[in-house]
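Here are my notes for your next look at this entry.

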Amino acid sequence: GATPVQNIGAYGVEIKDFIVNCTALDLNSGLEITFKNEDIKFGYRDSIFKNELKDKYFITSVTYRLYTSRELNMNYGSVKEEVKKLGEPSLKTVRQAIINIRNSKLPDHKILGNAGSFFKNPIVENKVAKNLIKQYPEIPTYDAEKGKTKLAAGWLIDQCGLKGYKMVSGAAVHEKQALVIINNGVQSGKHIADLAEFVAKTVHDKFGIALEPEVKIL
Ligand SMILES: Cc1cc2nc3c(=O)[nH]c(=O)nc-3n(C[C@H](O)[C@H](O)[C@H](O)COP(=O)(O)OP(=O)(O)OC[C@H]3O[C@@H](n4cnc5c(N)ncnc54)[C@H](O)[C@@H]3O)c2cc1C
């Protein structure tokens, strides 16, 4: 149910490219309707279910179309290098490479509470990205929609020296992946929100870029 809500994705691939349609129950009328892919208005970690239809529908089924062969997307992060270690590029080796990278960077939520990526990767106008590249030639950038560039929020946080940053409350930035905030014994959700606010402010002060939470804060 959450996949069309959030348009989940990782390593340059988004679920919107595989969803044919979904059925959902209108919580007012009780009627079930079908949303075609184009009706869902997918965006980066975004859909109609997070905007004009927020809290109005319960998704009851999703139809995915999967491919047995497809152009492999290995341009993200260290995927290419990891695939090389495993053999010839194929759906199987790319899948395993991404699992290996994630296992090496992401904390196990059964041991250390976390919500995965805490912030969205910011999407900025190309001219903003160009200015940043001038100042920081090593900054990772990715193509986004026309005229825009996607930046890596984790890199921005890391450059502020916040990877592994711990607050006395027990909220901390994960030491292997700066985009993940972990719960190391906090007493209240407010402690996580306080750290998130501090991280966003620090990144804004250094780069002038506003970080937006990917998680839903209740
Ligand atoms: C360790 C970790 C790593 C992660 N990595 C990634 C990643 O790489 N990429 C990424 O995109 N996300 C990532 N996430 C976030 C992940 O996408 C979400 O946690 C996941 O989609 C939530 O699925 P869920 O079934 O737990 O949904 P929930 O958290 O239960 O729900 C998510 C939202 O969808 C709504 N929802 C759920 N089901 C339905 C339904 N049937 N009908 C209507 N609304 C519904 C909920 O109300 C809520 O607003 C990660 C999370 C963790 C903990």
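Predicted model: local features only at pLDDT ≥ 70, side-chain atom pairs only at ≥ 80, totals over all residues.

1. Let me start with the open sheet. Three strands make it up, and reading across gives the order β4-β3-β5, with antiparallel pairing. The edges are taken by β4 (32-36) and β5 (57-64), each of which pairs on one side only. On average, neighbouring strands of this sheet are turned by 25 degrees against each other, direction ignored.

2. Next, please look at how β3 meets β4. Strand β3 covers residues 19-26, and five bridges join it to β4 in an antiparallel run.

3. Strand β7 (residues 123-125) is joined to β9 by three bridges, and the two run antiparallel. Here Glu 125 stands opposite Lys 148 of β9. Strand β8 (residues 141-143) also pairs with β9 in the antiparallel sense, over three bridges. Within that pairing, Tyr 142 has Lys 150 in β9 as its bridge partner.

4. What lies between β8 and β9 in their hairpin? There are four residues between the two strands, and Gly 147 in the turn has a positive phi of about 80 degrees. I would enjoy hearing your view of this turn.

5. Now to the ligand. Which of the 16 residues around the ligand come nearest? They are Ile 8, Gly 9, Ile 59, Arg 102 and Lys 216. A polar backbone atom of Ile 59 is 2.8 Å from a nitrogen atom of the ligand. The side chain of Arg 102 has an N or O atom 2.8 Å from a ligand oxygen atom. Lys 216 places a polar side-chain atom 3.1 Å from an oxygen atom of the ligand.

6. Finally, do visit the second largest pocket, which holds about 390 Å³ of space. Its lining counts 15 residues, and the closest to the pocket centre are Val 5, Gln 6, Lys 50, Glu 214 and Lys 216. By class, eight of the lining residues are charged, six are nonpolar and one is polar.

Key. Residues numbered from 1 in each chain as written. Heavy atoms only, no water. Pairing = 2+ DSSP bridges. Axes fitted to C-alpha atoms, helices over the stretch in contact; angles between N-to-C directions. 1 Å grid on protein atoms, 1.4 Å probe; cavity = no way out; pocket = protein on both sides within 12 Å on 5 of 7 lines; lining within 4 Å. Points joined across faces, edges and corners; volume = space filled by probe spheres on them. Nonpolar A, V, L, I, M, F, W, Y, C, P; charged D, E, K, R; others polar. Near = heavy atom within 4 Å. Polar contact = N/O pair within 3.5 Å; in protein donor to acceptor, adjacent residues only side chain to side chain.
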